[in-house]
Amino acid sequence: MAEKTNPDILYTIVDEAPELASASFLPIIRKFAAAAGVSVGTKDISLAGRIIATFPENLSEAQRQSDDLAELGELVKTPEANVIKLPNISASVPQLVAAIEELQAQGYSIPNYPEEPATDEEKAVRARYDAIKGSAVNPVLREGNSDRRAARAVKNFAQKNPHSMGAWVSDSKTHVSSMSGNDFFSNEKSATITGAQAGNAKIEFVGKDGAVTVLKDAWPLEEGTVADATFMSAKALSAFLADQIEATKADGIMFSLHMKATMMKVSDPIIFGHAVKAWLAPIFDKYAADLEAAGVNPNSGMGDVLARIAELPNAAAIQADIDALTADRPAMYMVDSDKGITNLHVPSDVIIDASMPALIRAGGKGWDATGAKGDVNCVIPDNCYAPVYDESVKFFKANGALDPSTAGAVANVGLMAQKAEEYGSHPTTFQAPADGTIRIVLANGETLHSHEVEAGDIWRSCTVKKAPIENWIQLAMDRQRLTGSEAIFWLDANRAHDAQLIAYVKPALEAAGVTDKFQIMAPREATRQSLETITAGKDSIAITGNVLRDYLTDLFPILELGTSAKMLSIVKLMQGGGLFETGAGGSAPKHVQQLVEESHLRWDSMGEFCALGESLNFLADAQGNAKAGVLGAAAEVATQGILDDNRSPSRKVGEPDNRDSHYWFARYWAEALAAQSDDADLAAEFAPVAAELAGKEAAILSELAAAQGPAADLGGYYKTDPAKTAAVMRPSAALNAIIG
């Protein structure tokens, strides 16, 4: 159970590979930090921890946990906040259900997830679970805007040791397909709330008969807030998906869907379900009654559909029809061809900000069910951000793959504070229950936005407040001044929302006298400009909204560095605290699978190394703790040593893994502290530690190597057993004797 106090630094308990790595790395951090009088505590924001905290009335006293996410949410609004935030699961419904089942098997008396709640009690349980799924963590903690970039040491290493890149050819058939209209982009309306309009608004559905249903009441809108509303037509989406399946088949390439059903936890699972239904359209038509009886919900993915069909009396006949249909469909982009896991298997398997950059890095190639490479139709229904990937594909077709050895860097300043933009839209996204109108009615009775919708359409509203916008613009000006880099606001004057932001940006730049230092470009044009800039070996700053922040801080790092896990991510909290985010977790499930099967964890803790140094430096400045500053500087030296000596984890069993990299980091950190002259006490304390770590190198590495190969028992997936996990992740008695 996580600590109840607020130590100097709070390290988050999360999920999957980064949490397993913490079992090895956190004891090292605590030993070194203690020498500077720095306490390091934890807060549990894991999926399992959040579930347990949500249902205390069902649990014994020993099983209960505090709501650490809520506590952190309050802490980040204070100047004292110093949080190292590792990537956590943004759970899809299948992941949430799997976590619930695991906890129940471990003796936690928590309720099932009601897929179709009927009673008031089931609806209440569903509402509590819905607050956990999807991007439930980040909007709570991100009380500041994002400053994300590659640390100079990481970038230098990537240029000296370029990663492999797939070759692009000009006649590649890989392309991006999006809707021609009636999507979120084309239907968007936006306005900035005036003083007369401010107050508690409500969202209403008005049926064709004039009956009014309140979908969201007491929705506070402050003066200066940019408020949007839009919808995607279900009919247009279904027709588009059906057309793309046929077009893919005609082109002789693979079909793939790229979405973010984890972060966009209401809208994107519905869109994903439309794709599953389009792919299996003849099956849903022929066996509608059977599928309904089986409780089939296409939003949960093909895997769940097939599992439910397997329980039906006529399962063999339905499966035979599915097999025949599959043979007639185009090839499917695979998540895991060895295990038959398709692109449509589960909504959380394919996350656009990881899947599209990986495909682009591979020369536009995907893998089919046989494991063969091929060109791909990348289906991204909505046009808000699809042009970024479309333009990237076109650029590399024309110019060939990026050369990491000479490429410049694209940093990002992202607008994300206080649930900004689409990622804050979960409570205000609705599926139209019938034909009618969905509208926003302001406190003064005025209708702000209104859309005519049909049954099944996906309507959403989102906001971004004035203070985060102004803070974002200032952060962008600060970064440009410090770097002198090209700086682009990725804003489209023809998009309703972006036009409102531009009305903030232009006056702010003019008032600061720096208009000539910035460009404002639509995402497509900004993508081409940035790719041209880094191809020429120069740097650029992408100043973006929340979703583009997420997408670009994977796209460019994966092309430049081979991974986004090594990015330095600093969130300057608006009240003066610091939130230091580590690398992306999209590949974490595969890493856990490998660890369980052969006790090899290839998770790279470079993001944690970078965040640790920044956190200690921030602490030194905030608290006047000079020793913490010495620790931070030495941590940066250790990080450089990991890169220079190539001590990062390898991918294959039998080669050095995550645990080896932690040994080397501890050793380099101790050696740097022993060698520095700014603090004699720290030098004296760590000189023997450094000597012992070096002297026992052979024994430690031998013990770490011996742990690899056999299957690893963690005692769980979403909630592992701490003792079993420690045994797996700290297998070196020699190292443990030094670290404690």
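Analyst: Strand 7 (residues 199-207) and strand 8 run antiparallel and are joined by seven bridges. Strands here are DSSP runs of type E with at least two residues, helices are runs of H or I with at least four residues, and both are numbered from the N terminus. Two strands are taken to pair if DSSP finds at least two bridges between them. One of the facing pairs consists of alanine 201 and its bridge partner in strand 8, tryptophan 219. The model is a predicted one, in which local features need pLDDT of at least 70 and side-chain atom pairs count only at pLDDT 80 or more, while totals for chains, interfaces and linings use all residues. Residues are numbered from 1 along each chain as its sequence is written, and side-chain values use heavy atoms, with hydrogens and water left out.

Three bridges link strand 17 with strand 20 (residues 458-464) in the antiparallel sense, and glutamine 431 stands opposite isoleucine 458 in strand 20. Contact means heavy atoms within 4.5 Å.

Alanine 191 lies in strand 6. This residue counts as buried because its relative accessibility is 17%; buried means under 20% relative accessible area, exposed over 50%, and partly exposed in between, with a 1.4 Å probe and protein chains only. Apart from neighbours within four places in sequence, alanine 191 is in contact with Thr225, Val226, Ala227, Leu448, His449 and Gln500. The C-alpha atoms of alanine 191 and alanine 372 are separated by 49 Å, and the two residues are 181 apart along the chain.

Parallel pairing is found around strand 10. Four bridges join strand 10 to strand 15 (residues 373-379), and these two strands run parallel. Leucine 257 stands opposite valine 379 in strand 15. Strand 10 also pairs with strand 11 (residues 331-332) in the parallel sense, over two bridges, and there methionine 254 stands opposite alanine 331. In strand 10 (residues 254-257), Met254 and Ser256 point one way, Phe255 and Leu257 point the other way, and all are buried. In a regular strand, side chains alternate between the two faces of the sheet.

Serine 392 lies in helix 15 (residues 386-399) and is buried, with a relative accessible area of 1%. A polar atom of its side chain lies 2.8 Å from the backbone oxygen of valine 388. Leaving aside neighbours within four places in sequence, serine 392 is in contact with Ile360, Thr527, Leu531 and Leu555. Threonine 533 is found in helix 18 (residues 523-535) and counts as buried at 8% relative accessibility. The backbone oxygen of glutamine 529 lies 2.9 Å from a polar atom of the threonine 533 side chain.

Finally, these parts can be set within the whole chain. The chain has 27 helices and 25 strands, and buried residues make up 58% of its 740 residues. Among contacts between residues at least 6 apart in sequence, 79% join residues at least 24 apart. The C-alpha trace spans about 80 × 65 × 60 Å along its principal axes.

Methods
Polar contact = N/O pair within 3.5 Å; in protein donor to acceptor, adjacent residues only side chain to side chain.
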